[in-house]
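This report describes a protein model in plain terms. Please look at the sequence and the structure before reading on.

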Amino acid sequence: MVCTFFGHRDAPEEAKRSLEIVVENLINQKGVDLFYVGNQGKFDQIVWKILVQMREKYSHIRCFKVLAYFPIKRIEDEEDSIYPEGLESKPLKFAISHRNRWMIERSDYVVTYVRYGWGGAAQAKNLAEKKGKKVLNLPDKL
């Protein structure tokens, strides 16, 4: 099973504890063993730290930062990053939305931190719901 994350770039640190609980539940109760997260904002940073910690506890899980832009220089954690095939042919201004669509298509679960109805995180949440993915929005749980 696969899980993807989307959230506002200004997500608060308080979301961390809820995220830890959700991720652990997805691993133990739902059989999720592959996680995708972007690398654009604070929510993505919080998620990545949690996934790295969970990988130490649950050695069978895999997690990847999914890049929207092809890296020009070597990036930190390069072995944990992937760049979706075909994204290089998309216009740069649409790279993030295409990357998000790629992540949603491959996911069973989508965890979001969406407080308002505009922006990329809200668009990704709406698309995941339309595609019939199991969506868990953290502000609804706090």
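The model is predicted, so local features need pLDDT of at least 70 and side-chain atom pairs count only at pLDDT 80 or more, while totals for chains, interfaces and linings use all residues. Residues are numbered from 1 along each chain as its sequence is written, and side-chain values use heavy atoms, with hydrogens and water left out.

## Aromatic rings

The structure holds 4 aromatic pairs. Rings of Phe, Tyr and Trp (its six-membered ring) pair if their centres lie within 6.5 Å; planes under 30 degrees apart count as stacked, over 60 as edge-to-face and the rest as tilted. Phe 5 and Phe 35 are a stacked pair, because their ring centres are 6.1 Å apart and their planes stand at 25 degrees. Phe 5 belongs to strand 1 (residues 2–7) and Phe 35 to strand 2 (residues 34–37), so this pair ties together parts 30 residues apart in sequence. Helices (H or I, at least four residues) and strands (E, at least two) are DSSP runs, numbered from the N terminus.

Tyr 116 and Trp 118 also form a stacked pair, with ring centres 4.3 Å apart and planes at 25 degrees. A residue is buried under 20% relative accessible area, exposed over 50%, and partly exposed in between (1.4 Å probe, protein chains only). The table gives this value for the residues of both pairs.

| Residue | Relative accessible area | Class |
|---|---|---|
| Phe 5 | 1% | buried |
| Phe 35 | 0% | buried |
| Tyr 116 | 24% | partly exposed |
| Trp 118 | 58% | exposed |

## Helix 3 and helix 4

In helix 3 (residues 95–105), the buried residues are Ala 95, Arg 99, Asn 100, Trp 102, Met 103 and Ile 104. They pack against several elements, among them strand 1, strand 2 and helix 4 (120–130). Contact means heavy atoms within 4.5 Å.

The axes of helix 3 and helix 4 come within 10 Å and cross at roughly 35 degrees. Such axes are lines fitted to C-alpha atoms, for helices over the stretch in contact, and angles run from 0 to 180 degrees between N-to-C directions. On the helix 3 side, Asn 100, Arg 101 and Ile 104 meet Gly 120, Ala 124, Leu 127 and Ala 128 of helix 4.

## Single residues

Asp 80 is in the loop between strand 3 and strand 4 and, at 12% relative accessibility, counts as buried. Its side chain makes a polar contact of 3.3 Å with that of Arg 55. A polar contact is a pair of N or O atoms within 3.5 Å; within protein, one must be able to donate a hydrogen and the other to accept it, and residues adjacent in sequence count only if both atoms are side-chain atoms.

Tyr 58 sits in the loop between helix 2 (42–57) and strand 3, and it is buried at 13% relative accessibility. A polar contact of 3.0 Å links the side chains of Tyr 58 and Asn 28. Tyr 58 and Ala 68 are 10 residues apart in sequence, and their C-alpha atoms are 27 Å apart in space.

Leu 26 is part of helix 1 (residues 15–30) and is buried, with a relative accessible area of 6%. Leaving out residues up to four places away in sequence, Leu 26 touches Cys 3, Gly 31, Val 32, Tyr 109 and Val 111.
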